[in-house]
Structure formats: structure tokens, C-alpha cells
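Hello,

Here is the structure for you to look over. My notes on it follow below.

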Amino acid sequence: MEIEKENQIISNLLAEQILERYISSNKGKIALATSFSIEDQVLTDLVLKIDPNIKIFTLDTGRLYSETHQLIDRTNEHFDIKVDIYYPNNFALEKFVKEKGSNSFYESLENRKQCCDIRKIEPLKRALKGIDIWIAGLRKEQSLTRTNLKIIDKDLLNENLKLYPLLNWTEDEVWEYIKKNNIPYNPLYNKGFSSIGCAPCTRAVTVAGDIRSGRWWWENPETKECGLHLPKGVSNG
Ligand code: SF4
């Protein structure tokens with residue numbers, strides 16, 4: 001696939017049309033990665049309307065909020081699905097925690113990246129086995145690290161393609177879709193959270209206009225990716 005040309009072709013398509021284009025021609029080889037954000041809830045609704053059997057998976061890092069676990073069950077019930085849940089490798093995690101402690105991610109960027117590697121990156125690799133295209137809910141306005149993303153691009157880390165159908169959506173558009181379609185969402189949004197990840201690494205938004213300011217708030221904005229969606233040229237370390 002010629003990435004530049006493909007992005008030109010799909011640049012004016014609606015999210016539904018973008019998804020239809022890739023889902024229909026990649027059955028069994030395309031999957032939605034959900035973290036149960038409002039964006040991922042919109043995508044869950046959209047992809048299931050195209051293919052009720054599409055693979056939808058999530059990474060349970062073991063440090064998620066209880067509200068997120070409750071939302072997993074509510075989502076399964078709402079859409080009558082069973083989301084695939086991937087957990088960290090227990091041997092790697094036990095070794096890491098034994099050596100560095102439970103909350104070592106606050107101490108250094110290296111520790112934080114190591115924790116994200118064990119709890120997210122390695123399980124993601126397992127989840128993506130046999131998958132050519134993975135869909136995710138990133139939007140440009142979410143952070144500094146996301147402004148140059150393309151709707152479809154090569155995922156250098158996992159050697160497949162990543163698809164961001166909501167890349168140009170605004171937060172208002174996402175909420176409008178959620179409300180209009182009565183889709184369940186994480187109640188933490190009602191408490192000032194705009195981006196919800198692991199409990200010890202997420203808090204309510206602190207900087208007006210910076211949606212991801214509540215994630216890894218003790219780090220520089222340029223480092224605020226866990227490695228799942230690293231922009232080109234940025235290493236996970
Ligand atoms: S977000 Fe925090 S707790 Fe979650 S995997 Fe990364 S460093 Fe670990």
C-alpha cells in the first residue's frame with residue numbers, strides 16, 4: 001500500500017466509510033484495540049455495525065481503575081459481545097515488581113517505559129498476532145505527539161498498519177455520537193478526566209485545552225506516549 005496516496009484517497013471520507021473500506025477487505029485480519037475511552041466506544045459501535053464478529057481487544061495492565069473494569073462488563077452487555085482481554089506476562093511482571101517496586105514508574109522515565117513495556121507493549125504484540133491492520137481511537141487534538149499522525153500509517157513497532165478513523169474528530173463530535181447513540185462511557189469523564197489509563201498514572205485534566213495533561217503529569221509533554229502509538233522518530237526509551 002502506498003501510504004501517502006491512500007491517505008489522500010480517504011482524507012474526505014466519513015469515519016464509517018473509512019472503516020467499511022478496510023474491514024470489508026480484511027476480514028479476520030483487522031482488529032479494534034479499545035481502552036474504553038469515549039473514542040474507542042464510538043469505534044466499537046461503528047465497527048460492529050459493519051462486522052459483528054470483528055476482533056475487539058483490550059489490554060488489562062492490572063492497574064486500571066475499577067470504573068474501567070465495570071465499563072468492560074457494561075460494554076460487553078450493551079453490544080452483546082465479549083471483548084478479548086490480554087494481561088501482562090506474569091513472570092516478567094513479578095520480576096519487575098520484585099526488583100523495582102510497585103510504583104517505580106514515578107522514579108524515572110526508564111522505569112515508566114519498562115512498566116509500560118511489560119504491561120502494555122508485550123501484551124499488544126500477542127494481541128496483534130495475525131492482524132494486518134489495527135484500529136485505534138487517536139485524535140489529533142489530544143496531544144502534541146499526535147498532531148502529525150496520518151489516518152492510516154505503518155506501525156513500525158508491530159510491522160502492520162494502524163488506522164485512526166477519528167483522527168480529525170473534535171471532542172464535541174465524539175460526545176455528540178456517544179450521547180446520540182446512548183453508548184456507555186467511563187463515569188470518570190464526569191469527574192474531570194479526559195484521558196483514562198492506569199490509575200496511578202492518570203488524574204483529572206490540569207491544563208486547560210491539553211486533554212492528556214492528566215497522563216504521566218510528572219513528565220514532559222513530548223514523552224507522554226506509552227509506546228503503543230509512538231510517532232515516527234521517537235523511541236520508547
Ligand atoms: S501507565 Fe503507569 S502503571 Fe500503566 S503500564 Fe504505564 S507506567 Fe505502568
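**The ligand site**

By class, the shell around the ligand holds six nonpolar, no polar and three charged residues. Ala, Val, Leu, Ile, Met, Phe, Trp, Tyr, Cys and Pro count as nonpolar; Asp, Glu, Lys and Arg are charged; the others, Gly among them, are polar. The surrounding residues are Phe-105, Arg-112, Cys-115, Cys-116, Arg-119, Lys-120, Cys-198, Cys-201 and Trp-216. The ligand takes up the second largest cavity. A cavity is a set of points, on a 1 Å grid over the protein atoms alone, where a 1.4 Å probe fits but cannot get out. A molecule sits in one if more than half of its atoms lie within 2 Å of its grid points.

**Basis**

This is a predicted model: local features need pLDDT of at least 70, side-chain atom pairs count only at pLDDT 80 or more, and totals for chains, interfaces and linings use all residues. Residues are numbered from 1 along each chain as its sequence is written, and side-chain values use heavy atoms, with hydrogens and water left out.

**Overall fold**

The protein has seven helices and six strands. These are DSSP runs numbered from the N terminus: helices are H or I with at least four residues, strands E with at least two. Their order along the sequence is α-α-β-α-β-α-β-α-α-β-β-β-α. Of the 237 residues, 52% count as buried. Buried means under 20% relative accessible area, exposed over 50%, partly exposed in between (1.4 Å probe, protein chains only). Among contacts (heavy atoms within 4.5 Å) with a separation of 6 or more, 69% join residues 24 or more positions apart.

**Helix H2**

H2 spans residues 15-23, and its buried residues are Ala-15, Ile-18, Leu-19, Tyr-22 and Ile-23. Seen down the axis, they fall within an arc of 115 degrees, so they line one face of the helix. The arc is taken over directions from the helix axis to the C-beta atoms. Their cover includes helices H1 (3-10) and H3 (38-50) and strands E1 (30-33), E4 (133-135), E5 (152-155) and E6 (160-163).

**Two single residues**

Thr-34 sits in the loop between E1 and H3. Thr-34 is buried, at 5% relative accessible area. Leaving out residues up to four places away in sequence, Thr-34 touches Asp-40, Gln-41, Ile-56, Phe-57, Thr-58, Leu-59 and Val-83.

Arg-203 lies in the segment after helix H7 (171-180). Its relative accessibility is 34%, so Arg-203 counts as partly exposed. Arg-203 and Leu-188 are 15 residues apart in sequence and 9.5 Å apart in space, C-alpha to C-alpha.

Best regards

Conventions
Near = heavy atom within 4 Å. 1 Å grid on protein atoms, 1.4 Å probe; cavity = no way out; pocket = protein on both sides within 12 Å on 5 of 7 lines; lining within 4 Å.
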